[in-house]
Amino acid sequence: MSRLSFKTFCIELYAERKSILSCEAYLLFEKNGILKMLDDDYDILHGHGFDYVLNDIEQILEKVN
């Protein structure tokens with residue numbers, strides 16, 4: 001899976017989990033450095049399940065908001 005596909009999939013899954021629009025999830029990820037984290041840590045994260053990755057994202061967002 002490419003980095004772009006991975007980030008897109010994370011955005012879509014997060015939006016679905018939180019019942020928000022994908023564009024809202026994207027803006028939230030961009031504002032809080034999640035997109036950069038997904039890109040920087042791609043080699044590590046893409047090997048984990050998406051539930052693991054989404055739980056990490058939720059923990060990060062809870063700390064910043």
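Because the model is predicted, local features are reported only at pLDDT of at least 70 and side-chain atom pairs only at pLDDT 80 or more, while totals for chains, interfaces and linings use all residues. Residues are numbered from 1 along each chain as its sequence is written, and side-chain values rest on heavy atoms, with hydrogens and water left out.

The protein chain holds 5 helices and 0 strands, where helices (H or I, at least four residues) and strands (E, at least two) are DSSP runs numbered from the N terminus. Along the sequence the pattern reads α-α-α-α-α. The radius of gyration of the protein chain is 11 Å, close to the 11 Å that the globule rule gives for 65 residues, so the chain is as compact as a globular protein of that length; the radius is taken over C-alpha atoms, and the rule is 2.2 Å times the number of residues to the power 0.38. The C-alpha trace spans about 25 × 20 × 20 Å along its principal axes. Of the 65 residues, 31% count as buried (under 20% relative accessible area, with exposed meaning over 50% and partly exposed in between; 1.4 Å probe, protein chains only). Among contacts (heavy atoms within 4.5 Å) between residues at least 6 apart in sequence, 62% join residues at least 24 apart.

Leaving aside residues up to four places away in sequence, Ile57 touches Cys10, Tyr14, Phe29, Ile34, Met37 and Leu38.

A search of the whole structure finds 4 aromatic pairs, defined by ring centres of Phe, Tyr and Trp (its six-membered ring) within 6.5 Å; planes under 30 degrees apart count as stacked, over 60 as edge-to-face and the rest as tilted. One of these pairs, Phe6 with Tyr42, is edge-to-face, at 5.6 Å centre to centre and 75° between the planes. Phe6 lies in helix α1 and Tyr42 in helix α4, so this pair ties together parts that are 36 residues apart in sequence. Both Phe6 and Tyr42 are buried. The rings of Phe9 and Phe50 have centres 4.5 Å apart and planes at 70°, so this pair is edge-to-face. Since Phe9 lies in helix α1 and Phe50 in helix α5, the pair ties together parts that are 41 residues apart in sequence. Phe9 is partly exposed at 37% relative accessible area, and Phe50 is partly exposed at 22%. Ring pairs link Phe6, Phe9, Tyr42 and Phe50 into a cluster.

Two further residues complete the account. Asn32 sits in the loop between α2 and α3 and is buried, with a relative accessible area of 18%. A polar atom of the Asn32 side chain lies 2.9 Å from the backbone oxygen of Leu28. Not counting residues up to four places away in sequence, Asn32 touches Leu61, Val64 and Asn65. Cys23, in helix α2, is partly exposed, with a relative accessible area of 48%. Cys23 and Ile11 are 12 residues apart in sequence and 8.5 Å apart in space, C-alpha to C-alpha.

Conventions
Polar contact = N/O pair within 3.5 Å; in protein donor to acceptor, adjacent residues only side chain to side chain.
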